[in-house]
Amino acid sequence: MSEQRINRMKDLPSTHLLGTGTPMCSGCGGLEALHQIYDVLGEKTVFVNAAGCMTLLSVYPFTPFRGSWLYTAMASAPAGAQGVRDALDILLQQGRLRPEEDLDVVVLTGDGSANGMGLSATSAAMDRNLDFLYICYDNEGYGNTGQQSSSATPHAAITSTSGGSCGYPGYKKDLFSIWAAHGPAYVATVIGSEPLDLARKIEKARDLQGSRMIIALAPCPTGWGYDPKDSVEIGRLAVKTGIWPLKEYIDGQVVHTRIPHERAHVEDYLRLQGRFAHLFTPQADPAIVADIQARVDSYWDKVV
Amino acid sequence: MFRIRIHGRGGQGIKMASRVLGTALFQAGYTVQDAPKYGAERRGAPIFSSVRAARETINERGTIYRPDLVVVADDTLLAVPAAGTLLGIDGHTVVLVNSHEPADTWCHRLNITARLLILPACTEVEDRADLPHIGATCAGAAARLLGVIARAGLLEAIAGELADLGPDIVAENQASALAAFDAMADWQGAVTEGIAVAADNYVVPDWIELPFDDARMAAPDIRACANSVEVRTGLWRTMRPIIDYDLCKRCWWVCSTFCPDSAIAVAEDIPVIDYDHCKGCMVCVGVCPPHAIEGVPEYLAQQQDKLQPAPGDANATETADR
């Protein structure tokens with residue numbers, strides 16, 4: 001399957017498959033990840049998109065994709081993928097599609113669908129070992145409708161449904177572990193600001209069979225409250241502070257692909273974002289910041 | 001009936017401006033409609049919102065085609081036909097523009113007969129798009145032009161609209177709105193109510209019977225490949241990234257990989273920015289290792305284009321002129 005192995009930065013593509021002219025916000029971290037992912041997956045893909053920001057990628061009569069795209073309700077993208085996979089398999093079986101014309105089915109959903117109402121359909125798809133690739137662009141809230149909190153929202157973030165001096169009271173759901181507990185072929189976390197790590201994982205996922213699950217943290221200028229130019233910087237800090245661990249699950253093992261040995265303080269990441277501004281102004285709230293730092297530290301203590 | 005259209009870019013506070021005007025007019029005893037245009041457009045994209053206010057019941061709906069007042073919060077939109085800022089204006093219309101250029105220049109440039117006024121700036125800024133509290137400033141100036149909103153009504157409407165953002169933000173917006181309200185004192189009541197459109201003037205169109213298409217035709221299927229390139233998202237841009245090819249190290253992947261919009265392609269080792277689609281997020285400016293990309297305000301870059309179109313900037317010039 002694989003035409004080339006991506007080993008260094010220079011192996012990354014310099015021209016891009018995903019069309020320009022999409023209505024995603026300026027500086028969208030999700031689109032940044034998606035265009036890198038699409039370059040590795042290639043044109044022989046069918047996208048099945050649950051309701052979310054990226055529904056707007058294909059607004060009739062325009063599409064940025066070079067192949068087919070199907071829109072499903074918020075909870076049912078993996079079910080839609082099952083239907084497309086079955087249809088492709090039947091066409092292959094009947095000889096109406098040559099093996100080289102086969103397509104890879106790719107589910108694209110936001111964190112709202114992935115962590116919330118779409119989780120049941122995803123779980124069932126992995127139970128059936130559906131041969132598909134799932135990409136969750138995680139902007140930590142229902143971004144398309146004005147950043148209401150989702151169960152991927154991090155602790156203390158202000159969203160349009162969690163205000164006040166403390167922000168979101170819950171903690172970000174560990175979707176990676178939930179997915180990995182199903183024992184699928186592959187689970188990985190990626191981020192657009194680490195393109196080499198992303199490309200290697202997508203290449204690996206592309207060449208595997210079965211359920212391949214990807215979570216891309218998607219810095220969101222609109223929902224997180226920062227200048228669009230800082231999307232890459234915020235993504236890098238998410239990795240450097242250890243808030244967004246880059247890891248993969250394969251053959252029953254979790255492997256961290258980038259271990260930040262000298263972790264930056266979480267404050268470096270939080271301070272840049274409007275959704276955490278209440279932790280620093282008008283008065284600093286050291287208790288909440290310390291709690292966030294402690295949780296990150298405790299995570300990495302178990303890893304290294 | 002007052003018919004007001006407020007144009008701007010997503011994120012400038014255009015919806016807020018129409019809400020403030022609508023609320024203030026309602027409190028002054030008017031029947032009011034105010035609605036932002038909803039669509040799949042995002043921060044930086046041309047957007048507008050509408051306010052209708054009348055002493056009687058309002059039967060009109062939808063887009064305002066005969067505005068009494070048009071507010072343009074970003075003057076780069078005047079050159080963008082897709083933004084529709086000048087739709088339906090005539091000698092009766094007052095056009096209020098946020099610009100650092102004088103009204104005469106704009107009247108001449110646009111060749112319009114409408115009365116064009118410049119939004120007063122409460123702070124001196126280099127780029128008018130950086131003016132703080134643009135939404136509140138527009139609302140304050142517009143309130144004075146209508147002449148039927150009192151200072152107290154304006155302040156109360158802002159306080160109500162922005163209450164969730166806390167007292168400091170309310171106070172700052174009120175101060176900007178008041179400054180604009182006071183600066184427009186000479187134009188108190190310059191906007192007058194347009195004539196009512198009566199239903200008995202309505203001409204019934206010639207109906208054309210359209211047969212039902214079969215599902216294969218009628219379903220909203222897109223049978224094209226990456227045709228989103230037809231959408232010129234370059235119109236969203238307020239800052240333009242410009243590559244200095246003397247500094248560019250031909251690393252070839254950094255700006256191109258990080259550009260969220262796939263708007264930088266590298267051909268023969270040279271990165272080229274597609275200005276028809278670059279939304280101006282400035283991510284490339286931040287990631288370029290030798291700092292070879294500079295961000296320039298779009299209006300300055302367009303002025304520069306007109307003087308001397310740079311090779312490779314042909315598309316940008318075209319966009320600016322269109």
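The legends below accompany close-up views of a predicted model.

In this predicted model, local features are described where pLDDT is at least 70 and side-chain atom pairs count only at pLDDT 80 or more, whereas totals for chains, interfaces and linings use all residues. Residues are numbered from 1 along each chain as its sequence is written, and chains are lettered from A, with ligands numbered from 1, in the order in which they are written.

View 1. The secondary structure of chain B comprises 10 helices and 10 strands, where helices (H or I, at least four residues) and strands (E, at least two) are DSSP runs numbered from the N terminus. The C-alpha trace of chain B spans about 65 × 60 × 40 Å along its principal axes. Of the 322 residues in chain B, 45% are buried; a residue is buried if 20 or more other C-beta atoms lie within 10 Å of its own, exposed if 12 or fewer do, and partly exposed in between, with the C-beta atoms placed from the backbone. Among the contacts in chain B with a separation of 6 or more, 67% involve residues 24 or more positions apart, a contact being a pair of residues whose C-beta atoms, placed from the backbone, lie within 7 Å. The domain assignment gives domain 1 (2-198) and domain 2 (232-321) of chain B, with bounds that come from an automatic or database domain assignment. The centres of domain 1 and domain 2 of chain B, taken over C-alpha atoms, are separated by 32 Å, and their contact takes 10 residues from domain 1 and 10 residues from domain 2.

View 2. In chain B, 6 strands form an open sheet with mixed pairing, in the order β2-β3-β1-β4-β5-β6, where two strands pair if DSSP finds at least two bridges between them. The edge strands of chain B are β2 (31-36) and β6 (115-118), each of which pairs on one side only. Neighbouring strands of this sheet are turned by 15° against each other on average, direction ignored; the axes are lines fitted to C-alpha atoms, for helices over the stretch in contact, and angles run from 0 to 180 degrees between N-to-C directions. Helix α2 (residues 103-110) of chain B packs on the sheet, where it touches β5 (94-97) and β6 of chain B, and its direction makes about 140° with that of β6(B).

View 3. Helix α5 (residues 167-183) of chain B has 17 residues and reaches 24 Å from its first C-alpha to its last, close to the 24 Å expected, the expected span being 1.5 Å times one less than the number of residues. The buried residues of α5(B) include Asn173(B), Gln174(B), Ser176(B), Ala177(B), Ala180(B) and Phe181(B). Seen down the axis of α5(B), the buried residues fall within an arc of 165°, so they line one face of the helix; the arc is that of the directions from the helix axis to the C-beta atoms. On the other side of α5(B), Pro167(B) and Asp168(B) are exposed. The cover over the buried residues of α5(B) includes α3 (134-146) and α4 (151-162) of chain B. Ala180(B) counts as buried because it has 25 C-beta neighbours inside 10 Å. Leaving aside neighbours within four places in sequence, Ala180(B) has contacts that include Leu119(B), Cys122(B) and Ala141(B).

**View 4. Strand β3 of chain A between its two parallel partners.** In strand β3 (residues 104-110) of chain A, 7 of its 7 residues are buried. Both faces of β3(A) are covered, with Asp104(A), Val106(A), Leu108(A) and Gly110(A) buried on one side and Val105(A), Val107(A) and Thr109(A) buried on the other. Strand β1 (residues 45-50) of chain A runs parallel to β3(A) and is joined to it by 5 bridges, with Val48(A) opposite Val107(A). Another 5 bridges join β3(A) to the parallel strand β4 (residues 132-138) of chain A, in which Leu133(A) is the bridge partner of Val106(A).

**View 5. The contact between chain A and chain B.** This contact takes 38 residues from chain A and 38 residues from chain B. On the side of chain A that touches chain B, α1 (29-41) and α8 (231-240) of chain A each supply at least two residues, and the largest share, 4 residues, comes from α1(A).

Definitions and conventions: Two residues are in contact if their C-beta atoms, placed from the backbone, lie within 7 Å.
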